[in-house]
Amino acid sequence: MSWDEDGTPHPLALRRSGRSEQEPDRLPEVRELESLGWEPAPGGAAWVFLPYVWPAHARTWIPDRSTHWAVDTVLDGQGHVTDVHAVPLVDRDLHVLDQETDEAVAALGLPPRPPGRLWLLRPVGPYATVGEVLEHLGSLAGGRGVEVSASAAFMELVRAALAALAAQE
């Protein structure tokens, strides 16, 4: 288990540099990797630890050169949209978002995540998609009375289940 602190990004990411105005899932390198069977790691709070415990052979990362947007919608008195403004989030706001995730990771007793990474995963075991793996993990947790949340109990269950799935390959 690790964050691949000393690892290198997926080789496809090395062809690209600089900030992109695209959102993370729309980056060309993400789309290229998706065509090769990789899927972006889920972003939900319950899964903040997932890249750390996912089997190393089935995870990779690329530098996050995406832009995160704030969308402001203006409504009239009847609830109709009259205007929409999209502006890039400033570094201060991005730091607040990262800080919340970093605090959740620290509460689990994990080392800090390396900054500026987008994680991609491949399914493990008999599952065709990462979503199917996550459904399996959720079912296992439910059957054992473990809440699907960023908790030590759920993280340990997920770690053990992923190791078992990887051993089946």
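Residues are numbered from 1 along each chain as its sequence is written. In the predicted model, local features need pLDDT of at least 70, side-chain atom pairs count only at pLDDT 80 or more, and totals for chains, interfaces and linings use all residues, while side-chain values use heavy atoms, with hydrogens and water left out.

Helices (H or I, at least four residues) and strands (E, at least two) are DSSP runs, numbered from the N terminus. Two strands pair if DSSP finds at least two bridges between them. Strands of a sheet pair through backbone hydrogen bonds, either parallel or antiparallel. Here, 3 strands form an open sheet. Their order is β1-β5-β2, and the pairing is antiparallel. The edge strands are β1 (39-40) and β2 (59-63), each of which pairs on one side only.

Strand β5 covers residues 117-121. It is joined to β1 by 2 bridges, and these two strands run antiparallel. Within this pairing, Pro 40 stands opposite Leu 120 in β5. Another 5 bridges join β2 to β5, again in an antiparallel arrangement.

Buried means under 20%, exposed over 50%, and partly exposed in between (1.4 Å probe, protein chains only). Strand β5 is mostly covered, with 5 of its 5 residues buried. Both of its faces are covered. Arg 117, Trp 119 and Leu 121 are buried on one side. Leu 118 and Leu 120 are buried on the other.

The segment before α1 (28-35) contains Ser 2. Ser 2 has 18% relative accessibility, so it counts as buried. Contact means heavy atoms within 4.5 Å. Leaving aside neighbours within four places in sequence, Ser 2 is in contact with Pro 51, Tyr 52 and Arg 59. The side chain of Ser 2 also makes a polar contact with the side chain of Arg 59, at 3.2 Å. A polar contact is a pair of N or O atoms within 3.5 Å; within protein, one must be able to donate a hydrogen and the other to accept it, and residues adjacent in sequence count only if both atoms are side-chain atoms.

Asp 4 also lies in the segment before α1. Its relative accessibility is 21%, so Asp 4 counts as partly exposed. Most residues other than glycine have a negative phi. Phi of Asp 4 is near 55°, a positive value.
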